[in-house]
Amino acid sequence: MWQYQKTLQYPINIQTSNPLYAKIISSQLGGPDGELGASLRYLNQRFSAPYADIQGLLTDIGTEELAHMEMIGTIMHQLTKNLSAEEIKRAGFEGYFVDHTNGVYPASAAGVPFTAAYLQSKGDIITDLTEDLAAEQKARTTYDNILRLIDDPDITGIIRFLREREIVHFQRFGEALQLVTDRLNDKNFYAFTPGVDRPVDLR
Amino acid sequence: MSVQDDLKTRFMAIRFSIWDLHLYLDTHPDDAAAQALLEKYRAQYEEISQAYVEKYGPYTSADSPKAAAWLKAPWPWDNTRGNC
């Protein structure tokens, strides 16, 4: 189970509404490389992970991604307060607004609703960790792209923090992949998937 | 946000340091220096957490024997600049 903490990992206090920025940043909630997909990916993959430390890492990073999802929702919420119809239309936010008003909804910046097709849980730890490494880099690139498009210092500090976390997670997943391959057949670590091909306790 | 050396900033920084060390220890469980640093931050957290809860309200429901206090403390998405 989880216990909610009534605090963010990094403070968010945005002074100026900006619906265009809200739309851009919303991709990190429900877009193809966003935080919702990240949390679901790791929290589902961990059940079939064969080692206790790898299960622990997937649980912890998946949990942190839930917190990041809340941070992106917070940014969207604060950027869409007190909007006039004129501001909504000028920012190109009318498509989002007509469907969701200023509710927080998981979709990409282009308006494509979130889908579980963005993630995989393959039941093979080499495959899953390799996907996780790519996922962290894709999220990091997305944050880089967001930083190319926005210049509000109230927001860029938060985005830089989240970008840095992708780099840390990439590092931890790289170490996890190394730990796993060290424990498998070092001549051919694809030869079997622990837990399927060799039903012994490997912990 | 301007960096303020206040209770809230320190609390958040200690919480984050504990979390990041915890992640590091997932893949480096035998790193004694990291473990010692984690214990140092945990001790700082123990020192500061009561003062934080008294000033800003409970941050987990377990800190809050009264439901009203839990609900009254600001939600993380509330814009609190000027209050802290």
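## Around N79(B)

Setting aside neighbours within four places in sequence, N79(B) touches N13(A), I14(A) and Q78(A) (contact means C-beta atoms, placed from the backbone, within 7 Å). You'll find N79(B) in the segment after α3 (67–72) of chain B; helices are DSSP runs of H or I, at least four residues, numbered from the N terminus. N79(B) has 16 C-beta neighbours inside 10 Å, so it counts as partly exposed (20 or more other C-beta atoms within 10 Å would be buried, 12 or fewer exposed, and partly exposed is in between).

This is a predicted model, where local features need pLDDT of at least 70 and side-chain atom pairs pLDDT 80 or more, while totals for chains, interfaces and linings use all residues. Residues are numbered from 1 along each chain as its sequence is written, with chains lettered from A and ligands numbered from 1 in written order.

## The two chains together

Chain B puts 19 residues into the contact and chain A puts in 25. On the chain B side, that's twelve nonpolar, five polar and two charged residues (Ala, Val, Leu, Ile, Met, Phe, Trp, Tyr, Cys and Pro are nonpolar, Asp, Glu, Lys and Arg charged, the others, Gly among them, polar).

## A helix pair across the chains

Helix α4 (residues 52–79) of chain A packs against helix α1 (residues 7–27) of chain B at about 155°, axes 9 Å apart. That makes α4(A) and α1(B) roughly antiparallel (the term covers angles over 145 degrees).

D53(A), G56(A), L57(A) and D60(A) meet H22(B), L23(B), D26(B) and T27(B) here.

Methods: Axes are lines fitted to C-alpha atoms, for helices over the stretch in contact, and angles run from 0 to 180 degrees between N-to-C directions. Helices (H or I, at least four residues) and strands (E, at least two) are DSSP runs, numbered from the N terminus. Angles under 35 degrees count as roughly parallel, over 145 as roughly antiparallel, 65 to 115 as roughly perpendicular and the rest as oblique. Two residues are in contact if their C-beta atoms, placed from the backbone, lie within 7 Å.
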